[in-house]
Amino acid sequence: MSAPSVSDQPLALSGGIRTVDDQQPHAHTLGVLAGRIVGLDATVEDLPARTVLDCGGATVVPGFGDAHNHMAWFGQSLTELDLSTATTLSQVYDAVARRAAGLPADAWIIGSGYDDTVMGGHPHRAELDRAAGGRPVWLKHRSGHMCAVGSEILRRAGVLDGTADAPEGGVVVRDGDGAPTGLLQERAQALVTDLVMPYPVADLADALGRAAEVYAAEGLTHVVEAGIGLGLIGRSPVEAAAYQLARERGTLRTRVELMVAADNLHALRAHADDGITTGIDLGLRSGFGDDRLRLGPMKIWLDGSLIGRTAAVSEPLCGHDHAGGVYQNSPEEMHRLVVEAHRAGWRVAAHAIGDSAVDLALDAFAEAQRVLPRPDVRHRVEHSGVVRPDQLDRYAELGAVPVPQPRFLYEVGDSMSAGLGPERTVWMYRHRSFLERGIRVPGSSDRPVAPGAPLLGMQSMVERLSRAGTVLAPDERVTAEQALRAYTIDAAWASHDEDRRGSITPGKYADFVILSDDPVLADSTRIGAIDVLATFVAGECVHGADALGDPASLDGPLPMAGTARQHARSHS
């Protein structure tokens, strides 16, 4: 029989502990038993423990949460051609040519992460054809809201011969002569994905394992997957099975909450008293599952992206002659679906970038509560990219949760600000304005659209610096302590989990991270560079285990370098 895991044994941990619990903000000793926190300081320090970790000068904080990420998408991108560092179109074409060299004539070349705002334009299908020797080429924009493809894919999709039309909510971009350029926006991407999806469950589970390894190394103990199944970014109609398989394999190192894309909902036959007319089979809804893997909100995409200039805004973006944007479906239909999902017991996560899309989300939430009051339901507005001053109070009145992505400010903030202009830049990816109204803001990344390390996100919350060094909407900056709360207790709160995780509190899950420095006290320019020495989920080390070594044979404090050995001492 194998030795029991740390999570099954009494464990004590000593060091500088920042609990994010207002009742006891700081501690020096933490006790863990059976995956739960059993006490702090005097209540546990004299009790026997099988394993004792002396953290020395390191800092212990609650495990980090990411309230909006795309785990399968990120995991797949780790094996694709990385275009995230390309600054010119020539670099993209050269990278495609290098990947094509030696490949069979029918091999697909798939790349991800390119940014037209950095390169000055999108890849053109004629140049992709030349670089790839006519092979199928599919390059995914970093936003996930568009892609560039070669002629062979357009031919297979029926675009070149005119047998295929762009789906509603999608655009096949054409030049002045009416010829497709190879750029597919929003739901027009289905013309490509229909050729390759669904992906095998085993392949998706592999991708999730790759992603989970990165997440654990960054201190993430809980993530929300923002849209599975059918829909804009879904990988398979049976995508949840991939998460189950990864869990069975033992490679799903974080707790995961799955948003079900609205495309998966359909008419249901239930008793009239149930009020359920729309949902997924068996009436499953938000909350089904357990503490490791469960269903979260229903995810509905309302508009496009600010990066791609397809966000639904009330006033034209700079350089555009008209307002509007790309709605993923008719506003009336999307409004109806939000209300029906609410009636069926779902929490709703509405993707809304532009202020017009935010209006649509808030109006639908208000109607849903009028039809069927559900106190403290915590419907969410994913991204909340452009929020007018008059909309702030509506969030508070409706109890709506804004889910902005702070690292966008550094990665693509300059482009977003240019599109909005100086008057609206102050409305962009707000934080402090929400907090001042008593609205909690969870930390999130939208990875792989932007890097997902929580410490990088915290740094951007505090600094709001763009890549060009501009402070974007300085009045929206928050303190380092507020940033830490966003990625811990506030991320837990957004998922109705604040009683189970998000702080180092007796009775909660033993999810915690050991850091080389205190992110609240560190200089703001260094927050993102703090080392994650070890990550624990339910008292089990999911990152840093190699450094732990054999607790029975080691003693001494935890070293401060992220690559150093972690020492421990053991007694009974």
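## Backbone exceptions

Glutamate 186 sits in strand E11 (residues 180-186); helices (H or I, at least four residues) and strands (E, at least two) are DSSP runs, numbered from the N terminus. Phi of glutamate 186 is near 50°, a positive value in a residue other than glycine. Most residues other than glycine have a negative phi, and most peptide bonds are trans.

This is a predicted model, in which local features need pLDDT of at least 70 and side-chain atom pairs count only at pLDDT 80 or more, while totals for chains, interfaces and linings use all residues. Residues are numbered from 1 along each chain as its sequence is written, and side-chain values use heavy atoms, with hydrogens and water left out.

Two cis peptide bonds involve proline. One runs from methionine 197 to proline 198, with omega near 10°. Proline 198 is in the loop between helix H6 (190-196) and H7. The other runs from arginine 447 to proline 448, again with omega near 10°. Proline 448 lies in the loop between helix H15 (432-436) and helix H16 (454-463).

## The parallel sheet

Seven strands form an open sheet with parallel pairing. Their order is E5-E12-E13-E16-E17-E18-E19. Two strands pair if DSSP finds at least two bridges between them. Strand E5 (64-69) and strand E19 (401-403) are the edges, each pairing on one side only. Neighbouring strands are turned by 25° against each other on average, direction ignored. For such angles, axes are lines fitted to C-alpha atoms, for helices over the stretch in contact, and angles run from 0 to 180 degrees between N-to-C directions.

Within this sheet, strand E12 (residues 220-228) runs parallel to strand E13 (residues 255-261), and 5 bridges join them. Glutamate 225 has leucine 258 in E13 as its bridge partner.

## The mixed sheet and a hairpin

A second open sheet has 6 strands in the order E6-E7-E8-E9-E11-E10, with mixed pairing. Its edge strands are E6 (81-82) and E10 (170-174), each pairing on one side only. Strand E7 (residues 109-114) and strand E8 (residues 137-141) run parallel and share 5 bridges. Serine 112 stands opposite lysine 140 in E8.

Strand E21 (residues 532-537) pairs with strand E22 (residues 540-543) in the antiparallel sense, over 3 bridges. Threonine 535 has histidine 543 in E22 as its bridge partner. The hairpin of E21 and E22 has 2 residues between the strands. There, alanine 538 takes a positive phi near 55°.

## Helix packing

Helix H7 (residues 201-217) packs on helix H8 (residues 240-249) at an angle of about 60°, with axes 8 Å apart. H7 is therefore oblique to H8; angles under 35 degrees count as roughly parallel, over 145 as roughly antiparallel, 65 to 115 as roughly perpendicular and the rest as oblique. H7 passes H8 in a right-handed crossing. A crossing is left-handed if the near helix is turned anticlockwise from the far one by less than a right angle, and right-handed if clockwise. Val201, Ala202, Leu204, Ala205, Asp206 and Leu208 in H7 meet Ala241, Ala242, Tyr243, Leu245, Ala246 and Arg249 in H8, where contact means heavy atoms within 4.5 Å. These residues divide into 10 nonpolar, no polar and 2 charged. Ala, Val, Leu, Ile, Met, Phe, Trp, Tyr, Cys and Pro count as nonpolar, Asp, Glu, Lys and Arg as charged, and the others, Gly among them, as polar.

Helix H9 (residues 331-343) and helix H10 (residues 355-371) cross at roughly 40°, and their axes come within 9 Å. They are therefore oblique to each other. The crossing of H9 past H10 is right-handed. Among the contact residues are Met334 and Val338 of H9 and Leu360 and Phe365 of H10. By class, this contact has 9 nonpolar, 3 polar and 3 charged residues. Helix H2 (residues 89-100) and helix H4 (residues 125-132) cross at roughly 35°, with axes that come within 8 Å. H2 passes H4 in a right-handed crossing. Tyr93, Val96, Ala97 and Ala100 in H2 meet Glu127, Leu128, Arg130, Ala131 and Ala132 in H4. That contact has 7 nonpolar, no polar and 2 charged residues.

## Salt bridges

The whole structure holds 34 salt bridges, each a side-chain nitrogen of Lys or Arg within 4 Å of a carboxyl oxygen of Asp or Glu. One of them joins arginine 155 and glutamate 152, at 2.5 Å, N to O. Both lie in helix H5 (residues 151-157), 3 residues apart, about one turn of the helix.
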